[in-house]
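The entries follow in the order of the look-ups.

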Amino acid sequence: MPNGGSDCCGTCWFNRTNRGERDWRRHGGDSVPPYCEIRDVALDDPFYTYCANHPHRRPDRDPIPIGPITRYAGDGWSDKREVWVPSPDSEEIRQHLLYLLENFFEHLFKDRYPLGQGVSEVIIGQLGQFRERRAEKHLQWISDNCPDRWAEPARTALARIRGEG
C-alpha cells in the first residue's frame, strides 16, 4: 500500500481542503490547508491519515466522530495503522456509538472497504475504551453469537468495561 490507500483523509469530505466533497482530485489546488472539520485537527499528512467517518466507511456522511484518527505505520506494503489522535469523548459521541451498536448489522453491509478496521470493530473498540457500561448487553450478544472477527473485539471491550482487562 505505497500510496496510503483511498480511505485517507486526503479524499474525505470532512477535510476542509475538499470543500465538503469526497475525492480531492475534483477540487485541485492547495489554497485551503488540510483540516478535519469534525475533529478540529490539522492534518499534516492527510494521504496517510484515516478514520472511520471516511465516505468509504460511512457513505451516509456521519459527522459525529467514530473512533480515533490513525496514521499509516507500515513498511511500504502493509496496512499497519496506529492511533495518532484518540477519539474525542462526549455524551453525544457515546450516545451515537450506542445507537450504531444497536444497529450493528447495518454497518457490516455498508462498510465494504478492504483495508483497516471496519466501522463495526471501531465502534466496539471505542465503547470498550470508554468503558461504556450501557453497551454491555449488545456486546455480550455479539460475543456469544457472531464470528470471531466481531466476537473477539466484543470480548475485549467487555473485559475493559468490567475491569478485567
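I first looked up Phe14, which counts as buried because its relative accessibility is 7%, under the 20% limit. The model I am reading is predicted.

I then turned to Trp13 and found this residue buried as well, with a relative accessible area of 9%.

I looked up the aromatic pairs and noted five in the structure. I noted that the latter pair links distant parts of the chain, 24 residues apart: Tyr48 belongs to the loop between strands E2 (41–42) and E3 (49–50), and Tyr72 to strand E4 (residues 69–72). Tyr48 is partly exposed, at 24% relative accessibility.

I recorded one aromatic cluster formed by Phe104, Phe105, Trp141 and Trp150.

Next I checked charges over rings. Arg61 lies over the face of Phe14, 5.6 Å from the ring centre. The charged end of Arg71 sits over the ring of Trp84, at 3.9 Å from its centre.

Last, I looked up Asn15, in the segment before strand E1 (35–36). Asn15 is buried, at 3% relative accessibility. A polar atom of its side chain lies 3.2 Å from the backbone nitrogen of Tyr35. Beyond neighbours within four places in sequence, I listed contacts of Asn15 with Cys9, Gly10, Pro34, Tyr35, Leu43 and Pro46.

How values were computed
Residues are numbered from 1 along each chain as its sequence is written. This is a predicted model: local features need pLDDT of at least 70, side-chain atom pairs count only at pLDDT 80 or more; totals for chains, interfaces and linings use all residues. Side-chain values use heavy atoms; hydrogens and water are left out. Helices (H or I, at least four residues) and strands (E, at least two) are DSSP runs, numbered from the N terminus. Buried means under 20% relative accessible area, exposed over 50%, partly exposed in between (1.4 Å probe, protein chains only). A polar contact is a pair of N or O atoms within 3.5 Å; within protein, one must be able to donate a hydrogen and the other to accept it, and residues adjacent in sequence count only if both atoms are side-chain atoms. Contact means heavy atoms within 4.5 Å. Rings of Phe, Tyr and Trp (its six-membered ring) pair if their centres lie within 6.5 Å; planes under 30 degrees apart count as stacked, over 60 as edge-to-face and the rest as tilted. A charge sits over a ring if NZ of Lys or CZ of Arg is within 6 Å of the ring centre and within 35 degrees of the ring normal.
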